[in-house]
Amino acid sequence: MTREKSDIVPPKYDLDAKWDACVDLTARRFVYSSVAGAFGGLLLFRSPVSRWAAVAFGAGIGIGSAYTECSQKFDGFPTKFPPAAPKVPEAPVSETVLQNPPPQDRQE
């Protein structure tokens, strides 16, 4: 049983592949960053609470970075920032001085 070309979904609209990639990415980043947090906590902190906080911080970084990349895969790149303001060309110093001469104080 072969599929016809009309049955194949273009990669842009294939949600199953995107979800699989996002679940895989989230799991890997969560585990890797948790291990890095545990290792850093083991080296830097003495208190068990501080060590667990380092693990939680690492896990949060992993989940946050995975969320950012997955949202870009589903929605494209976000346009959160407004476009840059157009640059105003600067007038040369000589023109500025000629147009606006400084006030002259005369004392006689």
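Read along the sequence, the pattern is α-α-α. The model is predicted, so that local features need pLDDT of at least 70 and side-chain atom pairs count only at pLDDT 80 or more, while totals for chains, interfaces and linings use all residues. Residues are numbered from 1 along each chain as its sequence is written, and side-chain values use heavy atoms, with hydrogens and water left out.

Keep the whole chain selected and colour the residues by accessibility. Of the 108 residues, 13% count as buried; buried means under 20% relative accessible area, exposed means over 50%, and partly exposed lies in between (1.4 Å probe, protein chains only). Next, display the contacts, meaning heavy atoms within 4.5 Å. Among contacts between residues at least 6 apart in sequence, 67% join residues at least 24 apart.

**Helix H1**

Select residues 15-44, which form helix H1. The expected span of a helix is 1.5 Å times one less than its number of residues. Now highlight the buried residues of H1: Lys18, Cys22, Leu25, Ser33, Ser34, Gly37 and Gly41. These buried residues pack against helix H2 (48-75).

Tyrosine 32 lies in H1 and counts as exposed at 57% relative accessibility. Leucine 44 also belongs to H1, and its relative accessible area of 66% makes it exposed. From leucine 44, draw a C-alpha to C-alpha distance to alanine 54: the two are ten residues apart in sequence and 9.4 Å apart in space.

**Helix H2**

Move on to H2. Its 28 residues should span 40 Å at 1.5 Å a residue, and its end C-alpha atoms are 40 Å apart, in agreement. Highlight Ala54, Val55, Gly58, Ala59, Gly62, Ala66 and Cys70, the buried residues of H2. What covers them includes H1.

Which residues does glycine 58 touch, not counting residues up to four places away in sequence? Select glycine 58, which is found in H2 and is buried, with a relative accessible area of 8%. Glycine 58 touches Ser33 and Ser34. The C-alpha atoms of glycine 58 and serine 34 are separated by 4.9 Å, although the residues are 24 apart along the chain. For tyrosine 32 and glycine 58, 26 residues apart along the chain, the C-alpha separation is 8.5 Å.

**The two helices together**

Finally, show H1 and H2 side by side. Two packed helices are described by the angle between their axes and the distance between the axes. Axes are lines fitted to C-alpha atoms, for helices over the stretch in contact, and angles run from 0 to 180 degrees between N-to-C directions. H1 and H2 pack at an angle of about 155°, with their axes 7 Å apart. H1 is therefore roughly antiparallel to H2; angles under 35 degrees count as roughly parallel, over 145 as roughly antiparallel, 65 to 115 as roughly perpendicular and the rest as oblique. The residues of this contact divide into 15 nonpolar, eight polar and five charged. Here Ala, Val, Leu, Ile, Met, Phe, Trp, Tyr, Cys and Pro count as nonpolar, Asp, Glu, Lys and Arg as charged, and the others, Gly among them, as polar.

Key: Helices (H or I, at least four residues) and strands (E, at least two) are DSSP runs, numbered from the N terminus.
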